[in-house]
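The following exercises concern the structure displayed below. Each consists of a task and a solution in steps.

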Amino acid sequence: MCKLFIEADPRLWQTRLKSVRLHGYSTSVRLENLYWQVLEEIAQRDGMSLGQLLAKLHEELVFAHGGVENFASFLRVCCGRYLALQLEGDVPRDLGTPIRSLDADAILAREARRTGRGRALPSAA
């Protein structure tokens with residue numbers, strides 16, 4: 001079993017530091033190459049550069065949750081969710097289908113039914 005993982009290209013788990021602009025400030029994000037590859041694919045699906053995707057994710061995350069404690073961890077989870085949702089058939093493997101064209105609410109509802117978890121509704125402010 002382990003051979004599938006340990007014999008993989010070691011470049012996949014090597015980290016790379018990339019500089020990005022978030023909210024007008026330059027910062028750096030360090031991720032393993034595998035995650036950078038998945039993020040590039042996600043960005044390309046929607047006609048964005050990697051920097052544009054990261055800025056959009058950060059902006060929407062801050063808007064929805066008021067901030068982010070560990071952006072690199074968030075990006076890793078995004079990659080894992082993207083791949084898992086592809087396996088479930090919720091995100092088409094056809095890279096010509098933009099993520100923005102998908103019905104996020106329907107996908108989240110199906111996911112909640114599969115996992116047996118209800119989706120938490122935002123509290124009324």
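**Exercise 1. Overall organisation**

Task: For contacts between residues at least 6 apart in sequence, determine what share joins residues at least 24 apart, and describe the overall make-up of the chain.

Solution. 
Step 1. In this predicted model, 41% of the contacts between residues at least 6 apart in sequence join residues at least 24 apart.
Step 2. The secondary structure comprises five helices and two strands. Read from the N terminus, the order of the elements is α-β-β-α-α-α-α.
Step 3. Along the principal axes, the C-alpha atoms fill a box of roughly 45 × 40 × 30 Å.
Step 4. The chain has 125 residues, of which 26% are buried. Its accessible surface amounts to about 8,900 Å², and carbon and sulfur atoms account for 56% of that surface.

**Exercise 2. Salt bridges between elements**

Solution. 
Step 1. Side chains of opposite charge can pair when their charged atoms come close. The criterion applied here is a side-chain nitrogen of Lys or Arg within 4 Å of a carboxyl oxygen of Asp or Glu.

**Exercise 3. The pairing of α4 with α5**

Task: Identify which parts of the chain are tied together by the pair Arg81 and Glu111, and characterise how α4 and α5 cross.

Solution. 
Step 1. Arg81 and Glu111 form a salt bridge with an N to O distance of 2.5 Å. Because Arg81 lies in helix α4 and Glu111 in helix α5 (residues 104–115), the pair ties together parts that are 30 residues apart in sequence.
Step 2. The two partners are assigned to separate accessibility classes: Arg81 is partly exposed at 32% relative accessibility, whereas Glu111 is buried at 17%.
Step 3. A further salt bridge joins Arg114 and Glu88, at 3.4 Å from N to O. Arg114 is in helix α5 and Glu88 in helix α4, so parts that are 26 residues apart in sequence are tied together here. Arg114 is partly exposed, with 38% relative accessibility, and Glu88 is partly exposed as well, with 47%.
Step 4. Through shared partners, salt bridges join Glu88, Asp90, Arg110 and Arg114 into one network.
Step 5. The axes of α4 and α5 come within 12 Å and cross at roughly 80°, which means that α4 is roughly perpendicular to α5. Arg81, Leu85 and Glu88 of α4 make this contact with Ile107, Leu108, Glu111 and Arg114 of α5.

**Exercise 4. Helix α2 and its surroundings**

Task: Decide whether Asn33 is buried or exposed, and describe how the axes of α2 and α3 are arranged.

Solution. 
Step 1. Asn33 lies in helix α2. Buried means under 20% relative accessible area. Asn33 has 11% relative accessibility and therefore counts as buried.
Step 2. With residues up to four places away in sequence set aside, Asn33 touches Arg11, Leu12, Gln14 and Arg16.
Step 3. Gln44 is also found in α2, which spans residues 33–45. At 58% relative accessibility, Gln44 counts as exposed. Gln44 is 20 residues from Ala64 in sequence, and their C-alpha atoms are 24 Å apart in space.
Step 4. The axes of α2 and helix α3 (residues 50–65) come within 9 Å and cross at roughly 90°; the two helices are therefore roughly perpendicular to each other.
Step 5. On the α2 side, Trp36, Leu39, Glu40, Ile42 and Ala43 meet Leu50, Leu53 and Leu54 of α3.

Conventions. Residues are numbered from 1 along each chain as its sequence is written. This is a predicted model: local features need pLDDT of at least 70, side-chain atom pairs count only at pLDDT 80 or more; totals for chains, interfaces and linings use all residues. Side-chain values use heavy atoms; hydrogens and water are left out. Helices (H or I, at least four residues) and strands (E, at least two) are DSSP runs, numbered from the N terminus. Buried means under 20% relative accessible area, exposed over 50%, partly exposed in between (1.4 Å probe, protein chains only). Axes are lines fitted to C-alpha atoms, for helices over the stretch in contact, and angles run from 0 to 180 degrees between N-to-C directions. Angles under 35 degrees count as roughly parallel, over 145 as roughly antiparallel, 65 to 115 as roughly perpendicular and the rest as oblique. Contact means heavy atoms within 4.5 Å. Accessible areas come from the Shrake-Rupley method with a 1.4 Å probe; for residues, only the protein chains shown count as cover.
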